[in-house]
Every structure is written in structure tokens, then in C-alpha cells.
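Colleague: I'd like to learn how to read a model like this one, feature by feature. Could you walk me through it?

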Amino acid sequence: MARLTIPAEEYMRSGHSACPGCAATLVMRYVLKGLGPNAIVTLPACCWTVIGTPFPTTALNVPILDCAFEATGASVSGLRAAADALGLADVIVVGFAGDGGTADIGLQALSGMLERGTDALYVMYDNEAYMNTGVQRSGATPLGAWTTTTPVDATSRGKGEGKKDVMAIVAAHRPAYAATVNVAFPEDFLKRVEKTKTIRGPKFLHAFSPCPPGWRYPPEKTIAIGRLATDTNSFPLYEIEGGKYRITRKLGRARPVAEYLKAQGRFSHLTDAEIAAIQSEVDGRWARLLALETLG
Amino acid sequence: MPRMVLSGNYAQSYAAKLARVHVIAAYPITPQTAIVEKLGEFVASGELSAQFIKVESEHSALQACISAAALGARTYTATSSQGLLLMHELLHWASGARAPVVMGVVNRAVAPPWSIFTDHTDTVAQRDTGWIQFYAESNQEVLDTTLMAFRLAEHPDVLLPAMVTEDAFYLSHTVEPVDVPTQDEVDEFLPRRDVRGLIRPGAGVRLGSFTMPDLYEEFRHKIARAMERSAEVFFEIEDDYHRLTGRHHGGPLPTYRVDDADAVLMTMGTATTTARSVVDALRTRGNRVGLAKLRAFRPFPVKEVRQLAATVDRIGVLDRSFTFGAAGAAFTEVAAALYPETHRPALKNFVAGLGGRDLTPKVLEGMFKALLKGDGPEVDWPDLKRRAEVVRHG
Ligand SMILES: Cc1ncc(C[n+]2csc(CCOP(=O)(O)OP(=O)(O)O)c2C)c(N)n1
């Protein structure tokens with residue numbers, strides 16, 4: 001019989017107000033399963049503000065402290081400092097923010113928290129756009145993707161710029177630990193979360209978080225799309241510990257990026273030539289990652 | 001009780017230390033820097049056991065304090081001018097989260113043009129953020145009021161953030177003898193914060209939830225009530241402080257020689273000291289003038305303003321800031337407070353002392369004279385230079 005590697009305890013309640021197929025719910029659920037009951041979550045403006053349900057209800061069995069959109073990193077440092085000052089050593093402080101709240105408006109506060117060495121976990125759930133405000137492009141939106149602010153029409157081909165490399169930005173701060181995780185690979189996801197518990201200092205998880213309405217695919221395809229993202233090397237899974245890179249899911253041969261792109265309405269306008277350009281970009285990033293891993 | 005020679009900035013630092021704050025988060029800006037440098041020394045030397053978060057901006061400073069306070073910590077930050085303006089969004093977060101953060105603010109002009117000198121625009125612009133605001137006249141008042149601010153902010157009926165302001169350089173960098181209470185005295189006056197942090201480990205609670213129209217208004221009303229209640233609580237706290245230290249600074253609107261006054265000038269901060277000497281000088285010459293110090297701007301002391309106005313025919317309000325398109329903020333507040341009264345004194349607004357311009361006895365005397373004569377515009381900038389026009393017109 002297969003060993004159950006996902007803890008049975010639930011810290012997220014069944015009542016929440018996410019869209020059907022929302023991966024951000026799974027990101028929270030797995031993070032909390034891995035961390036356990038001592039987590040305190042601080043949350044900026046993002047879809048999770050709403051998913052967490054309105055006053056006076058809450059979707060979690062651990063505390064949530066809402067904070068300003070651009071200030072998650074600072075909120076994390078404040079909670080850690082208070083926990084230490086008040087002798088609440090067991091508390092695990094978790095910043096939980098979207099890609100916009102992390103990579104764009106919240107980048108300064110994140111940088112501050114990483115540089116200060118705050119002992120906490122920062123999770124960026126990456127749905128690759130400002131989803132809560134209705135699908136506007138963020139710095140983490142990939143090249144070519146349709147959003148409401150990167151339309152597809154006679155003059156525009158979706159986002160004209162590439163995706164910000166958030167992990168590289170984080171890595172430049174030399175955090176204690178950073179890893180990419182994907183809800184389509186829950187065992188791997190849980191391993192990374194559990195590992196963060198054993199390491200002191202700032203930890204960062206970049207969580208891939210497919211979004212059916214924003215990416216324009218049917219809700220039941222969230223896990224399939226998540227798998228495709230990693231299996232095509234569009235979203236490789238790796239960790240950086242003490243500056244060393246390790247790819248945590250390595251494929252014999254990656255599948256063509258086209259399979260991942262064609263499964264989503266946001267990329268449906270792309271021509272073969274545009275897809276080929278994205279493929280070569282993905283190949284380039286993968287080669288760089290392999291090189292980083294061999295650096296040891 | 002030891003007497004020390006302290007700058008306004010160090011008076012802030014000593015107050016925070018005596019309050020045994022758990023968490024400090026701050027970012028440097030002139031003329032506030034010495035406050036946090038001193039606190040940094042206290043923490044480094046072990047004199048103060050606190051977590052000092054060296055944040056990367058004022059915005060983060062206040063968020064860090066709010067989050068720490070949500071878990072039950074006593075928190076302190078300090079800033080000035082641009083730093084306070086950058087914090088603006090977080091000022092609302094603090095009051096909305098009912099986080100009793102205490103902040104020292106050095107009143108400094110805002111840019112452009114750059115100026116590091118006294119001006120009240122920075123804090124006056126925060127009057128709608130749900131923060132209690134005290135303006136200090138002396139370094140003694142800075143220290144005493146900061147200690148009282150902690151107790152007031154944390155009072156269970158209040159739970160609101162509070163700022164204690166001091167004029168740039170006039171107080172921040174000027175040393176005065178200050179009576180500093182002993183740690184035992186302060187511990188008695190201000191026990192450790194009764195940890196009623198809303199965020200409790202292990203509990204399924206949420207602070208700051210998304211709230212629908214059926215309840216949002218009630219949250220705002222609770223803040224309104226708490227702010228009102230803070231005015232009453234402050235009297236109790238100041239009495240307690242008086243019992244302990246023998247010092248009392250006279251509530252939110254202390255007055256000077258107003259009993260038989262024909263005209264009263266209302267001031268905030270250090271201008272009060274100069275104005276007091278002008279009152280004495282004018283009185284020796286037979287002018288019956290008096291002074292009222294607007295010590296608390298939030299909550300606004302409506303009751304005390306009305307009491308004062310009941311016996312005075314002319315009130316001048318000196319604003320060291322200006323609300324463009326209206327008038328000085330203190331002036332409009334005084335006018336609004338007096339509208340329902342049957343006895344309504346003539347009111348005049350003096351806008352002066354901006355960007356560190358000295359409010360000299362001569363300028364202040366001019367204000368009293370204009371008040372007594374009853375001439376000039378309702379909103380007057382009595383110290384403007386003619387030269388500015390000359391320059392403008394070449
Ligand atoms: C200072 C500020 N600017 C803008 C907003 C509006 N806003 C709320 S959520 C959001 C988008 C969040 O995007 P992201 O961080 O990617 O999270 P997601 O909504 O995708 O979960 C924006 C722009 C805000 N709340 N605060």
C-alpha cells in the first residue's frame with residue numbers, strides 16, 4: 001500500500017470563496033499542512049483576501065493578519081519580531097502573497113525582509129497576473145499572454161515583455177532557502193514546505209498557481225495544466241539551499257511548450273513562430289538552470 | 001527622579017525606553033534620526049530589551065509595527081515629513097487594525113521645495129487617519145506626553161494609535177533640562193501591555209477581513225467612539241501621571257491669562273512659548289490678551305474650545321500649515337466647533353511660520369494687535385515678504 005505522504009490534518013476549511021479550480025486554495029492548503037498549527041499567515045491584497053471569506057468568517061484554522069498590498073515582507077518581519085519579543089518562539093510566520101504583491105508593488109518589502117534575514121516563510125502564489133482586480137498584467141505575466149491590459153488585437157499580441165525572474169531576484173539576496181513548487185506535484189510541494197521548517201532564516205516558495213478564469217481554461221484542467229507547466233520546463237521545480245541549486249524534478253525529455261500553451265485561452269492567438277520563440281526562451285532558461293545546478 | 005539635559009529627540013527615545021517597548025521599526029529622516037539612533041544604542045547595550053527592525057522604508061516601518069502590535073507587542077516608531085507622507089496608507093491600517101502604535105513625529109515641512117525645518121503640514125495632513133495627535137511645546141512635554149500616549153493608545157476603550165509631535169530643531173535638536181521618571185515609576189504608571197493581541201497563535205481568527213457593506217460602517221463608528229472616549233480617558237491618565245510625577249500639562253487645551261482677555265491667540269507647538277512672553281509684554285502695556293495651546297488636535301477638544309469662547313470676544317488661530325483651497329486646519333476646526341454656540345467670538349486665522357520661518361515676538365505681537373483692532377482679512381498670512389513679489393516680477 002502506498003504511504004500517505006500528505007499530512008491528513010486540514011488547516012483550511014471547506015468553506016471558502018475561490019473560483020472553481022483555483023490553485024491558490026491548494027497552495028494555501030499544502031503550505032499549512034506542511035507547517036502545522038503554529039503558522040500565522042499575513043496576507044496582502046490579492047485573491048486570497050477574498051478567498052479567505054468576509055468578516056466574521058474565516059477559511060483557515062490558523063490566524064490571518066491582513067496587511068497592506070505592498071507590505072507583506074514588512075508585516076512578516078513585524079510578526080517575527082513580536083513573536084520573539086513575547087516569547088512565542090514556536091510561531092511560524094508566513095507571508096502569503098500573489099505575484100503582483102510580491103514581484104511588483106511588494107518587491108521592496110520582500111527585499112527588505114530577505115536582506116534583514118527574518119526567520120519566516122514567504123510564499124508567492126503565482127497566477128501570473130493581477131487576478132483579484134480582473135486579470136491585468138503583472139511583472140510575472142509571461143511573454144505573449146493575453147490579459148486585459150495586454151490585449152490581443154490588430155496592434156497588440158498579448159504581453160510584449162517576458163516574465164520577471166522572481167527566483168533570481170530572491171536568490172540574489174542569498175536567502176536561507178528558496179524553492180519552486182507546483183500544486184500538480186503535492187508530494188514534492190510538501191517536501192519543500194517541510195524542509196522550510198528545519199531551516200532558520202528567510203525562506204521563499206514560488207508556487208505555481210493556475211487560474212481558470214484568468215488563463216481561460218476549464219476549471220477541471222488546473223492539475224493537468226500544472227503538470228504541463230513543469231513537464232514542458234515552463235515552470236521547472238528546483239530549490240536553492242545555501243546558494244546551491246538542485247532541480248527537484250528532472251525529466252528524461254521535456255514535452256514541447258506548445259502543449260502547455262495550447263491548453264490555455266490566454267495563449268490561443270499565438271502563431272507557430274511565436275510559440276517557437278517561447279520554446280527557445282524556455283530551452284535557454286532550462287539550460288541556464290542546469291548550468292547553475294552543476295556549479296554546485 | 002533624575003533631571004537630565006535632553007533634546008526633544010532624546011526625550012522621545014527615553015520615553016520609548018522607559019515604556020519598555022517590545023518592537024521598534026524605523027527608517028532615518030532628518031531631523032528624526034537621533035531618536036532611533038539613541039534607541040539603537042539602548043538596544044545594542046542591552047539597556048532596552050527590544051527587537052529593533054531596521055526596515056527599508058517608513059511604509060514598512062509602520063506595517064511592521066502594526067503587525068507586531070496585532071500579536072500583542074508594544075511598538076514604537078518615529079518619522080518626519082516625507083516619511084510620514086509615505087506612511088499615510090499605513091496610518092489608516094493602524095487605526096483600522098486597532099493597533100496601539102505610538103509614533104514620534106518631528107514636524108518638518110514637505111517638499112518641494114525641500115525644507116527640513118518646522119512646519120505642521122506633515123501631521124495636520126494626517127488628521128483623518130484615526131490617530132490621536134499631541135503637539136508638544138517643550139522637551140519635558142515630549143517625554144511626558146509620549147509616556148501618556150502609550151497608556152492612552154493601549155487603553156481597552158481606546159485601542160488607537162497615537163502620535164506625539166515636536167517642532168523640528170526648536171525641540172528636536174535643542175536641549176533642555178528634563179525630569180525623567182524612574183523605571184519603577186513608569187512601570188507603575190504603564191504596566192506591560194495586557195496582551196490582547198487579536199492575533200493569537202493557534203486560533204482561527206482574522207484581523208482585517210474583507211467586510212461587506214452591512215458591517216463596514218459599524219467598524220468605522222467604533223473607531224469614532226473610541227476616539228471620542230480617548231478624550232475622557234486622557235484626563236484620567238494625565239491625573240495619574242500628575243499623582244506620580246507631580247507634573248500636569250493642562251489637558252488638551254491649556255490656557256494662559258484668558259480669564260479677562262479681550263483677545264486670545266491659539267497656538268500649536270513651540271510658537272506657544274514665544275506667544276506666552278508676548279502676552280506678558282502686552283499685558284504690562286495694558287492689553288488684555290491671553291493664550292490657548294492646542295495640545296491635542298485629535299481628538300479635537302471641542303468642549304474646551306467652546307468653554308474658552310464663552311468668555312472671549314476675539315480668537316485668533318495660528319496655523320503653521322495651510323489647507324489649500326480652504327484655510328488653516330486648526331482655524332476651520334475652531335470655527336466648526338463654535339458654530340452651534342450662541343456666543344460666537346470674532347475669528348481670525350493667521351498662517352505663518354511655515355518651512356521653519358521664525359515666529360518672532362514681533363510677528364506674534366502683530367497678530368494680537370490685528371485681533372484687538374479687528375481689521376485685516378479673515379485668513380491672513382501676516383509675515384509674507386514683499387520681496388518675494390519683487391523677485392517674481394523681475
Ligand atoms: C496600494 C494598492 N494598490 C492597488 C490595490 C488594488 N489591488 C488589490 S489586489 C490587486 C492585484 C493583486 O494581484 P496579485 O498580487 O498578483 O494577486 P492575485 O490577485 O492575482 O491573487 C490590486 C492591484 C490595492 N489594494 N492596494
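This is a predicted model: local features need pLDDT of at least 70, side-chain atom pairs count only at pLDDT 80 or more; totals for chains, interfaces and linings use all residues.

Colleague: Let's start with the ligand. Which residues come nearest to the ligand?

Modeller: Begin with the shell, where a residue counts if one of its heavy atoms lies within 4 Å of the ligand. Here the shell has 17 residues, and C47(A), G100(A), G101(A), Y125(A) and N132(A) come nearest. By class, the shell divides into eight nonpolar, six polar and three charged residues. Helix α4 of chain A (residues 99–104) gives the largest share, with three residues.

Colleague: Why is the site shared between chains?

Modeller: Look at which chains the surrounding residues belong to. In this model they come from chains A and B, so the site is shared between them.

Colleague: On to the interface. How do I put a size on it?

Modeller: The size of an interface is often given as the accessible area lost when the parts come together. For chain B and chain A, about 2900 Å² is buried, and carbon and sulfur atoms give 67% of it. In residues, 37 from chain B are in contact with 40 from chain A.

Colleague: How many salt bridges does the rule find across the interface of chain B and chain A?

Modeller: Two. One of the salt bridges in the model pairs the side chains of D66(A) and R206(B), at 2.7 Å from N to O. If you count polar contacts between chain B and chain A, you get 13 residue pairs. On the chain B side, β3 (51–54), α3 (58–70), α4 (81–96) and β9 (206–207) each supply at least two residues. The most comes from α3(B), with seven residues. By class, that side of chain B has 19 nonpolar, 13 polar and five charged residues.

Colleague: What about the backbone? Where is P112(B) found?

Modeller: P112(B) is in the loop between β5 (102–107) and α5 (121–124) of chain B, and a cis peptide bond joins A111(B) to P112(B), with omega about -10 degrees. The bond from R298(B) to P299(B) is cis too, with omega near -5 degrees. P299(B) lies in the loop between β13 (296–298) and α10 (302–309) of chain B. T53(A) is in the loop between α2 (47–51) and β2 (64–66) of chain A.

Colleague: Last one: how many salt bridges are there over all chains?

Modeller: The count comes to 48. Then ask where the partners sit along the chain. Take D119(A) and R200(A), whose side chains meet at 3.5 Å, N to O. They link distant parts of the chain, 81 residues apart. D119(A) is in the loop between α5 (107–116) and β4 (120–126) of chain A, and R200(A) in the loop between α7 (186–197) and β6 (202–208).

Note on methods
Residues are numbered from 1 along each chain as its sequence is written. Chains are lettered from A and ligands numbered from 1 in the order in which they are written. Side-chain values use heavy atoms; hydrogens and water are left out. Helices (H or I, at least four residues) and strands (E, at least two) are DSSP runs, numbered from the N terminus. Ala, Val, Leu, Ile, Met, Phe, Trp, Tyr, Cys and Pro count as nonpolar, Asp, Glu, Lys and Arg as charged, and the others, Gly among them, as polar. Contact means heavy atoms within 4.5 Å. Buried area is the accessible area (1.4 Å probe) that two parts lose on being put together, summed over both. A salt bridge is a side-chain nitrogen of Lys or Arg within 4 Å of a carboxyl oxygen of Asp or Glu. A polar contact is a pair of N or O atoms within 3.5 Å; within protein, one must be able to donate a hydrogen and the other to accept it, and residues adjacent in sequence count only if both atoms are side-chain atoms.
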